[in-house]
Protein chains: 2
Amino acid sequence: MIRKDLTPAMEDYLKGAYLLRERGEDITVLALAEALKVTPPSVTGMVKRLAGLGLIEHTPYRLIELTPAGTAVALEIVRHHRLLELYLAEFLGMAWDEVHSEADRLEHHISEDLEERIAERLGQPAIDPHGDPIPARDLTLPERDLVRLSALRPGVQATIARVSNQEPGLLHYLGTLGMVPGAVVTFVEVAPYGNVVTVKVGAGKGAVHSIAGEVASRVLTMPTSDEVAAPH
Amino acid sequence: MIRKDLTPAMEDYLKGAYLLRERGEDITVLALAEALKVTPPSVTGMVKRLAGLGLIEHTPYRLIELTPAGTAVALEIVRHHRLLELYLAEFLGMAWDEVHSEADRLEHHISEDLEERIAERLGQPAIDPHGDPIPARDLTLPERDLVRLSALRPGVQATIARVSNQEPGLLHYLGTLGMVPGAVVTFVEVAPYGNVVTVKVGAGKGAVHSIAGEVASRVLTMPTSDEVAAPH
DNA sequence: CTAGAAAATTAGGTAAGCTTAACTTCGGTA
DNA sequence: TACCGAAGTTAAGCTTACCTAATTTTCTAG
Ligand SMILES: [Mn+2]
Ligand SMILES: [Mn+2]
Ligand SMILES: [Mn+2]
Ligand SMILES: [Mn+2]
């Protein structure tokens, strides 16, 4: 398996496909086009090229799938991305809402040697600033099962483990509320009308904040108590 | 002056042109082609495009020149390159013969924000691991006048200030001899035939090494004594 | 002052990666 | 079961950045 020399564009498509699957979504032409901010014909063309390289499996008009080789490339790029994010936050003081765009460019240009040096400085970390898992050197991933903040029952306490969204605006907003990975929150209530949930942030008599349901659903938590999620 | 959005290729041509001039050489199509490892027609084409952007001045079949705007772009990239080299050496333990190729790719992809954070961690440095001057934030350059090791007189003591060559092989070789920026050397003699010079490396009773004249001419020094250079 | 060689340019072509416009296919509803 | 809209593909074309082969210009040596 001496395949390398992929272009940044190819790497981005493979990573995009991988991240869709990570979120449990189907890998479709349209979903990829939206994720990469290109038009559908661009995706069709690139999918053909990547299929020719054995990195993607595709029959026209059907769903797209990554081959094991394609998954390996994607994991390699995801590892670069998340290591860079953590390094930039940890050693260069970048905010968690700034690291994504920087890492998105650099991920394609660091050598395997530099990747390893960065991982070493960070102590071979498993989690990035957003709580996203970092693939290990052998490309294996730690599994955790997390519960959406929006799916907790009133009264349940949980630790924020991951925010599965990279928009700087949203991340900055959550940061100002103290809702970052590691923070403890308690679910208070869901509004009877409209899609709003109220949570207490902090262990003791923390501040109470109401956030949109769409936001709460991007915040993944590890519940502390036993009665975990709300039914349905 | 809101011109930006140059491609990595464009930045490399501008940087290449700048580095030729830094070494006192003419900027010709052939020299650029060799520096960038492309063919002459590629240079002709790119020079036209850059001239169209006002970054290069060129009349067909004559010498190429950077405009002030082109020089500014080149200095910005050189700053990125040399800051990255120093950062990689200083904070990530890379050897001075490994940093160049890594920096050559990353220089095009770091944001101005990251550039500034790196410069800050390094204490706004003026010199990179090879002794090359780092353009300041305002793109000004410190001037030093240095003497080629090959041009010293026997008996003269000098401090190595810069090695103007990036080949990993040569750098590694000089490293094993202890001939790195900051090292003190004493010129011993030049061989009566062939192009070989002998130097003592180290302040006290240092080791004596003979190196090729072409190598010694890439090693730039700051003489300690007054009787500086050999005549002619 | 005029050959030739060296340097540079032009001509013609490829490949990646993107676009818009026009089409085909698929799958769910009436 | 036939239609219709959404999803996907094909067609045609653009830009960047390379290449090789052919041609033109310049400069130098005789
Ligand atoms: Mn990317
Ligand atoms: Mn992340
Ligand atoms: Mn470069
Ligand atoms: Mn350098």
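This is a predicted model: local features need pLDDT of at least 70, side-chain atom pairs count only at pLDDT 80 or more; totals for chains, interfaces and linings use all residues.
**Exercise 1. The manganese ion (ligand 2)**

What spacing do the donors of the manganese ion (ligand 2) follow along the chain?

*Solution.* 
Step 1. List the protein donors: A:E85 (OE), A:D128 (OD), A:H130 (ND1) and A:D132 (OD), at 2.2 to 2.5 Å from the manganese ion (ligand 2).
Step 2. Write them in chain order, which gives the spacing E-x42-D-x1-H-x1-D.
Step 3. Locate A:E85 and A:D128. A:E85 sits in helix α4 (residues 68–92) of chain A, while A:D128 sits in the loop between α6 (112–121) and β3 (147–148) of chain A, so the pair ties together parts 43 residues apart in sequence.
Step 4. Check exposure. Buried requires under 20% relative accessible area, and both A:E85 and A:D128 are buried.

**Exercise 2. The manganese ion (ligand 1)**

Identify the protein donors of the manganese ion (ligand 1) and state which spacing they follow along the chain.

*Solution.* 
Step 1. Collect the donor atoms: A:D12 (OD), A:D104 (O), A:E107 (OE) and A:H108 (NE2), lying 2.0 to 2.5 Å from the manganese ion (ligand 1).
Step 2. Note the atom that A:D104 supplies: the donor is listed as O, whereas for A:D12 the entry is OD.
Step 3. Read off the spacing, D-x91-D-x2-E-H.

**Exercise 3. The interface of chain B and chain A**

Describe the contact between chain B and chain A by its residues, its buried area and its polar pairs.

*Solution.* 
Step 1. Count residues: 18 come from chain B and 18 from chain A.
Step 2. Take the area. The two chains bury about 1600 Å² between them, with 54% of it on carbon and sulfur atoms. In chain B, the residues that lose the most area to chain A are B:L92, B:H109 and B:R117, together 37% of what that side buries.
Step 3. Count the polar pairs. There are 12 residue pairs in polar contact across the interface, both residues being at pLDDT 80 or more. The salt bridges across the interface number 2. One salt bridge joins B:E98 to A:R117, with the closest N and O atoms 3.5 Å apart.
Step 4. Assign the chain B side to helices. α4 (68–92), α5 (99–106) and α6 (112–121) of chain B each supply at least two residues to the side that touches chain A. α6(B) gives the most, with 5 residues.
Step 5. Sort the side of chain B that touches chain A by class: 9 nonpolar, 3 polar and 6 charged residues.

Terms used:
Residues are numbered from 1 along each chain as its sequence is written. Chains are lettered from A and ligands numbered from 1 in the order in which they are written. Side-chain values use heavy atoms; hydrogens and water are left out. Donors are N, O and S atoms within 2.8 Å of the metal (3.2 Å for Na, K and Ca); water is not among the atoms, so sites may look incomplete. Contact means heavy atoms within 4.5 Å. Buried area is the accessible area (1.4 Å probe) that two parts lose on being put together, summed over both. A salt bridge is a side-chain nitrogen of Lys or Arg within 4 Å of a carboxyl oxygen of Asp or Glu. A polar contact is a pair of N or O atoms within 3.5 Å; within protein, one must be able to donate a hydrogen and the other to accept it, and residues adjacent in sequence count only if both atoms are side-chain atoms. Helices (H or I, at least four residues) and strands (E, at least two) are DSSP runs, numbered from the N terminus. Ala, Val, Leu, Ile, Met, Phe, Trp, Tyr, Cys and Pro count as nonpolar, Asp, Glu, Lys and Arg as charged, and the others, Gly among them, as polar. Buried means under 20% relative accessible area, exposed over 50%, partly exposed in between (1.4 Å probe, protein chains only).
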